[in-house]
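Thank you all for making the time this morning. Please bring the sequence and the structure up on your screens, and I will talk you through them.

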Amino acid sequence: QMSPPSSPSKRSLPPQEVNVWRSAVARDWRKLKQAPRPLLSDLRVVGEALRQNWKAFEFIAEELKLDRDFVLEAVRNDGRILSLCCLDFRLDREVVLEAVKT
């Protein structure tokens, strides 16, 4: 009996490949669209993309989009991210208040 394939993790990518993608995203946030799935939850990669353009939020891992602490920090940096958040966060008073401050 074969076991199911394990889900990819950051550790499954060679460090050199991770560094290549980090550099690519640092130069152009749109590279995030083509990045391997494990990097879409890498806080350094995602953070760099979001610093360049709030629209990068659309391409990040679902687990980050659903992480309230991550979303709070993201909307503090650019309130427009709220428009890409799930309904729960768009109705969350604290998240909305942080978003309108920016």
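Predicted model: local features only at pLDDT ≥ 70, side-chain atom pairs only at ≥ 80, totals over all residues.

If we leave aside residues up to four places away in sequence, Glu-98 touches Leu-72, Val-75 and Arg-76, where a contact means heavy atoms within 4.5 Å. Glu-98 itself sits in helix α6, residues 93-101, and the helices here are DSSP runs of H or I with at least four residues, while strands are runs of E with at least two, numbered from the N terminus. Glu-98 counts as buried because its relative accessibility is 14%, buried being under 20% relative accessible area, exposed over 50% and partly exposed in between, with a 1.4 Å probe and protein chains only. With Arg-76 there is also a polar contact, side chain to side chain, at 3.2 Å; by that I mean a pair of N or O atoms within 3.5 Å, one able to donate a hydrogen and the other to accept it, and residues adjacent in sequence count only if both atoms are side-chain atoms.

Residues are numbered from 1 along each chain as its sequence is written, and side-chain values use heavy atoms, with hydrogens and water left out.

The mean pLDDT, the predictor's confidence in each residue from 0 to 100, is 91 for the protein chain, and 89% of its residues reach 70 or more. Over residues 1-10, however, the pLDDT is below 50, and this stretch has 6 contacts in the model beyond near neighbours in sequence.

As for the overall fold, the protein chain has 6 helices and 0 strands, and 40% of its 102 residues count as buried. Among contacts between residues at least 6 apart in sequence, 38% join residues at least 24 apart.

Which side chain does Asp-42 join through a polar contact? Asp-42, in the loop between α1 (15-27) and α2, has its side chain joined to that of Arg-22 by a polar contact of 2.8 Å. Asp-42 counts as buried, because its relative accessibility is 3%.
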